[in-house]
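Please open the structure in your viewer and keep the selection panel at hand. The stops below follow one another, each with something to select and a short account of what is there.

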Amino acid sequence: MSLDGCGAPQQGVDIAVGANEVVLSGKVKSAGGPVGGAFVRLLDSTGEFTAEVVSSPEGDFRFFAAPGTWTVRALHRSGNGQSSVSADGPGVHPVEVAVA
């Protein structure tokens with residue numbers, strides 16, 4: 001459990017990724033810089049909700065996922081945004097989400 005008690009793993013720290021792991025890692029940003037406290041949702045290729053984390057104070061987030069095409073949606077009181085990422089195989093797949 002994380003230090004803030006929400007159950008989400010600590011975001012924005014370096015991790016070791018196994019040979020068969022797919023990680024979607026990124027940052028929520030706005031025109032003013034990183035957006036912390038955004039609800040970041042992971043949707044599968046059919047648009048179904050899969051997981052949610054809260055972005056770190058630096059806007060960082062991370063999901064462990066299966067290979068495929070994913071949509072990452074960020075919801076924040078300052079605005080919403082989303083991005084798509086194609087994770088064809090193991091490794092860290094970067095994604096940024098701009099909210100406005």
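Strands, like helices, are taken here as DSSP runs numbered from the N terminus, with at least two residues (E) for a strand and at least four (H or I) for a helix, and two strands count as paired if DSSP finds at least two bridges between them. This is a predicted model, in which local features need pLDDT of at least 70 and side-chain atom pairs count only at pLDDT 80 or more, while totals for chains, interfaces and linings use all residues. Residues are numbered from 1 along each chain as its sequence is written, and side-chain values use heavy atoms, with hydrogens and water left out.

Begin by colouring the protein chain by pLDDT, the predictor's confidence in each residue on a scale from 0 to 100. The chain averages 89, and 87% of the residues score at least 70. Confidence is highest in strand β3 (residues 39-43), at a mean of 98, and lowest in strand β5 (residues 60-65), at 94. Where pLDDT is low, the predicted coordinates should not be read in detail.

Next, select the four strands that form an open sheet in the order β4-β3-β6-β7, with antiparallel pairing. Because β4 (49-54) and β7 (79-87) stand at the edges with a single partner strand each, one side of each is left without a neighbour in the sheet. The twist averages 20° from one strand to the next, where axes are lines fitted to C-alpha atoms (for helices, over the stretch in contact) and angles run from 0 to 180 degrees between N-to-C directions.

Now cross the sheet pair by pair. Five bridges join β3 to the antiparallel β4, and Arg-41 can be shown together with Glu-52, its bridge partner in β4. On moving to β3 and β6, you will find five bridges in the antiparallel sense, with Phe-39 opposite Leu-75 of β6. Between β6 and β7, also antiparallel, there are nine bridges; Thr-71 has Ser-84 as its bridge partner in β7, and a hairpin of two residues connects β6 to β7.

Finally, centre the view on Thr-69, in strand β6 (residues 68-76). Is Thr-69 buried, partly exposed or exposed? Its relative accessibility is 45%, so Thr-69 counts as partly exposed, a class lying between buried (under 20% relative accessible area) and exposed (over 50%), with a 1.4 Å probe and protein chains only. Beyond its neighbours within four places in sequence, Thr-69 is in contact with Asp-44, Ser-45, Val-85 and Ser-86, contact meaning heavy atoms within 4.5 Å. Of these, Val-85 is 16 residues away from Thr-69 along the chain, yet their C-alpha atoms are separated by 5.8 Å.
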